[in-house]
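Let us walk through this structure, starting where two chains meet and ending inside one of them.

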Amino acid sequence: MVCARMVKHLRLPLLLLLLALAAECNSMSKPGKPDKLGCRSPDKETFFCWWTPGSGGGLPTVHRLYYKTEGRETVRQCPDYHTAHSCFFSKTYTSIWVEYTVIVEASNALGNTSSDPLTFDLMDIVKPYAPENVTLVVSIGDNPHLTIQWHTPSNIDTKSGWVTLKNQLRIKLEKSKIWKNYTSDTQTHFTIYNIELGVVYMVEVRCAIDNSAWSEWTNTTFVKVPNFPRTDNSFWILVFSLSLIPLLVAMIILILKRKTVKKYILPPVPGPKIRGVDVQLLKSGRSEDVINAMLLNQRFPVVMPWKDQNEDYLIVSDKETSYLPLEKNKIFILPVAITLDSEVQSKETSEVDRFLKDSESSSEESSEKTKSSQLLTKCPSTNVLNDEKANQLKGVTEKIIQPFGISGYVDIPRHEHTQEADYSRVNEVNSDNILITKKENVPHTLDTQGQEGGVLDDYSRVKEVNSDNTVFLEKHSDSVNASIRAKGYIDWVNQKAKSPHVTGHSEMGVCPQLVGCGYVDTFPPPAVI
Amino acid sequence: MPGNIRSVSVVSVALLCLVFCSQPTSLDAAPLCTNAEAGCHVLSLANLFDRVIQHSARMHGISNDLHSEFELYFLPSKNQIGRVSRNCHTSNILTPNGKENAQRMAREELTEVILKLLVAWRDPLWHFHQSMTHFHDFIDFSSNKSLKMSDMVHELRKGVQKVVEKMQMLGILSNSVSSLMSPEAFLASGSAEWRLMKDYELLYCFRRDSNKVQNYLKILKCRIVPEDGC
């Protein structure tokens, strides 16, 4: 009794359940939702869309694609169902820069199911096909290289400027796993250098339109790079090794005979030799032999006795006419301390330069006039003063001392001793560096023939030289000291190389090296300057 | 000796100058070819076109980047369904929307379209940049592309005007375009629409219009001076 009541209650739901099961088994329902809707334009002029149909329904289902463009509200159907589950839009139906909304509807007897709509602009869905006809050419030679060529996809129009293609290729060794990418803008060929020999390469190419998505890669193309023929190498190796043998032989000979080779290439340089002097003799150390060798066998050049020359002079320049003295040997060299030089030069460089120029130019003139005049140049720091014809100023000959850097003396032509020397004794030097000489007849003894004593008589000891380059002389004969060792005398540029002089000079201790330059002894620098 | 060296160097410099200065380059074509020699002028026009096209390509690239950056920054949940059909303020300018249409269009018309587009975007981009100045983070994020964009549109317009002048000088283009050169003529009509647009829409519209300009210029170039690169 209870069971019967239960069955009655459960009858309805059970029936329904059975019906539902029956319906499921038959799968007769609305169609499944189409899925994975996609669209693509391979050439920027047409496009197509595809979808995957949904499962289920059981009944024959028809899929329709509807689209709508921006700005127009009319919904239109696919113009060309190209292949199953795809729709092709030709040029007439394609507009760029226009938004499309596409939807796919699956319908059967039981109903319709629509997919999700897809909205896009043509410029977003551009994706070209892969390039075609990829060819690889290996060229061996000095530069083995691989040339890759391909064609653009046939459906793309590249002439109108509507489409700009760019290409990319990748290459790898067959064994390797890493691809190497190269970009080749618009060219449809590419060359790869430095390839390995005897290996197999794999190459793939793809392209893109403007900045769109890249196409798929082409199918892989294989190429084998042959090896270089070995015979070339072996030939050169043989040649190389054969040429080594004579080289080795030559080296051995050179090493064995190195002494003769050395003599040939680097002949010995004869050592210095003094004529008449035997090095061995000197080495033996016998002094007589040495002296004989050195002195007797030598020929010294003849030395002209200095006293024959007029070298007692003081060169004083005349500012206005800065020529060397003409006929008169009024050339005096005024001693100025060497240390004065720097002062002088720094102070009066312009004057000095001018004077130098003058003196140099005048030296040429003077050489015509006075034949044996020479100007020794490059003597360091001796002031040589050129004297002029004195500018007569009230019986006092003024000579303006122009110090300048280049030292030298002027050799004046020898005059007869009988000629009254036109020496003037320097009387005093005033503050403008003017030597004031008295016009008095200076005895001959001033001339070169004079003995030392005579010469000495007319020396004046310079008392001091002050900062203005003036020389103050002592005016008495007390200064005349037989001993030439007295410092501070005006030593004429007396080239008598007499020993007292020499010693005197050496005792000076100041610029002994200038002896040959014709300088005048200087004062002890600290005391005077 | 120094004198010798100097004279030698002067002579060598003069020789080098002669060698290099005598080679004509396409950049110097304009001043050299004052008379209407066809080969000479066409070369320089192609050069001008290339430059202008490159400029427009750059401009489109920047607008594309800015558009995606804007989306990333302000609208991360990009919703395809929610896209409303754009009402760009330039939609009243009739633009050819396909290759054939563009090719069929007369040169003068196409040039006018380009210029109209460029002129129409000058103010909106400037204002867009101004409105973006509040968003310092976005400006850093986008590395100040909005300013670059508004500058580029200005430059491109000047460049296109130069090309047009050149073409008119060569007789390739009739003089009917000149009446539209002044930007004021463009701005008179319905120019305030862009103020109603939102920033994102503005960016989208400009991205599209810059692509249009780039393509039209390319079509024009390959029609007038069909050389390599077409």
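Predicted model: local features only at pLDDT ≥ 70, side-chain atom pairs only at ≥ 80, totals over all residues.

Across the interface of chain A and chain B there are seven salt bridges, a salt bridge being a side-chain nitrogen of Lys or Arg within 4 Å of a carboxyl oxygen of Asp or Glu. One of the salt bridges joins B:K99 to A:D157, with 2.5 Å between the closest N and O atoms.

Residues are numbered from 1 along each chain as its sequence is written, chains are lettered from A and ligands numbered from 1 in the order in which they are written, and side-chain values use heavy atoms, with hydrogens and water left out.

Back to the interface. Nine residue pairs between chain A and chain B are in polar contact, both residues at pLDDT 80 or more. A polar contact is a pair of N or O atoms within 3.5 Å; within protein, one must be able to donate a hydrogen and the other to accept it, and residues adjacent in sequence count only if both atoms are side-chain atoms. In terms of contact (heavy atoms within 4.5 Å), 22 residues of chain A meet 21 residues of chain B.

The size of an interface is often given as the accessible area lost when the parts come together. Here the area buried between chain A and chain B is about 2,000 Å², and carbon and sulfur atoms give 46% of that. Buried area is the accessible area (1.4 Å probe) that two parts lose on being put together, summed over both. In chain A, the residues that lose the most area to chain B are A:W97, A:E99 and A:W162, together 31% of what that side buries.

Now turn to the sheets of chain A. Strands of a sheet pair through backbone hydrogen bonds, either parallel or antiparallel. Strands (E, at least two residues) are DSSP runs, numbered from the N terminus, and two strands pair if DSSP finds at least two bridges between them.

One open sheet in chain A has three strands in the order 9-10-13, with antiparallel pairing. Its edge strands are strand 9 (132-139) and strand 13 (189-192), each pairing on one side only. Strand 9 and strand 10 (residues 145-151) of chain A are joined by six bridges. They form a hairpin with five residues between them. Along this pair, A:L136 stands opposite A:I148, and A:E132 has A:H151 as its bridge partner.

Another open sheet in chain A has four strands, antiparallel, in the order 12-11-14-15. Strand 12 (180-183) and strand 15 (221-224) of chain A each have a single partner strand, so one side of each is left without a neighbour in the sheet. Strand 11 (residues 165-173) of chain A pairs with strand 12 over four bridges. There A:R170 stands opposite A:N181.

A:V200 is found in strand 14 of chain A. Its C-alpha atom is 6.7 Å from that of A:F222, 22 residues apart along the chain. Beyond its neighbours within four places in sequence, A:V200 is in contact with residues including A:L173, A:F222 and A:V223.

Which residue forms a salt bridge with A:R40? The partner is A:E216, the closest N and O atoms being 3.1 Å apart. A:R40 lies in strand 1 (residues 35-40) of chain A and A:E216 in the loop between strand 14 (200-209) and strand 15, so the pair ties together parts that are 176 residues apart in sequence.
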